[in-house]
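Reader: I am new to reading protein models, and I would like to go through one slowly. Could we take it question by question?

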Amino acid sequence: PTATDTCEGTINGTTNDPLTYNEQGTYTITWTFDDGNENISTQTQTVIVNDVTAPAADVAELPTVTGECAATVSAVPTATDNCGGTINGTTSDPLTYNEQGTYTITWTFDDGNENISTKTQTVIVNDVTAPVADLAELPTVTGECSATVAAVPTATDTCEGTINGTTEDALTYTEQGTYTVTWTFDDGNGNTSTQTQT
């Protein structure tokens, strides 16, 4: 800043205070105008550093994380802040889910200057694979007077492990003939497969 002196004309102000401030806050600079004839005046100037802009997420939409048996978010999203640079998201939500369903994680980006933005991310655990029978072909059960299926067949499921077959058909037959038993393998997540036995 300048001042006008009766004798010297324009006088540039001088100061011992910093002219640049990098921390949040309100600062006062004291400027001195000295005409060189032992006449001095001062003037103060206020400098305010006040971050009012929240961090902006680096992607418009966070990717949906999916899994059949479980799903884990492995990448922490980031945002860019005008003062703080890269801000890592934080969340109080779990990052791993082991139950079937759709979940929402809320990420928070805090620049430390009371400016906060949030972004949500979807996690889906959805088992879409049916159990696979453990035997390519079930053994034929035979008898002369009667025949009984004694062994329950099994299948292996991606998420649930061993699945025992169930059937609504009879397991014992006492009349002459050829019969078909249909076994169902249900993983409990809406996926079923079937296998027949003679």
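Reader: In which strand does Gln-197 lie?

Author: This is a predicted model, in which local features need pLDDT of at least 70, side-chain atom pairs count only at pLDDT 80 or more, and totals for chains, interfaces and linings use all residues. Residues are numbered from 1 along each chain as its sequence is written, and side-chain values use heavy atoms, with hydrogens and water left out. Strands are DSSP runs of E with at least two residues, and helices are runs of H or I with at least four, numbered from the N terminus. With that numbering, the strand that spans residues 192-197 and holds Gln-197 is β19.

Reader: Is Gln-197 buried or exposed?

Author: The terms rest on relative accessible area, computed with a 1.4 Å probe and protein chains only: buried means under 20%, exposed means over 50%, and partly exposed lies in between. Because its relative accessibility is 5%, Gln-197 counts as buried.

Reader: Which backbone oxygen does the side chain of Gln-197 reach?

Author: Contact here means heavy atoms within 4.5 Å, and, leaving aside neighbours within four places in sequence, the residues in contact with Gln-197 include Leu-138, Val-149, Tyr-179 and Trp-183. Pro-139 is also one of these contacts. At 2.9 Å, the side chain of Gln-197 reaches the backbone oxygen of Pro-139.

Reader: How many strands are there in the chain?

Author: There are zero helices in the chain, and the number of strands is 19.

Reader: What is the radius of gyration of the chain?

Author: This radius is taken over C-alpha atoms, and the globule rule is 2.2 Å times the number of residues to the power 0.38. For 198 residues the rule gives 16 Å, and the chain is well over that, so it is more spread out than a compact globule. The C-alpha atoms fill a box of roughly 135 × 20 × 15 Å along the principal axes. The radius of gyration itself is 38 Å.

Reader: What percentage of the residues of the chain count as buried?

Author: The chain has 198 residues, and the share of them that counts as buried is 25%.

Reader: Where does Glu-38 lie, and what is its phi near?

Author: Glu-38 lies in the loop between β3 (25-34) and β4 (40-49), and it is exposed, with a relative accessible area of 76%. Its phi is positive, in a residue other than glycine, and is near 70 degrees.

Reader: Which loop holds Glu-114?

Author: Glu-114 counts as exposed, at 77% relative accessibility, and its phi is a positive value near 70 degrees. Its loop is the one between β11 (101-110) and β12 (116-125).

Terms used
A polar contact is a pair of N or O atoms within 3.5 Å; within protein, one must be able to donate a hydrogen and the other to accept it, and residues adjacent in sequence count only if both atoms are side-chain atoms.
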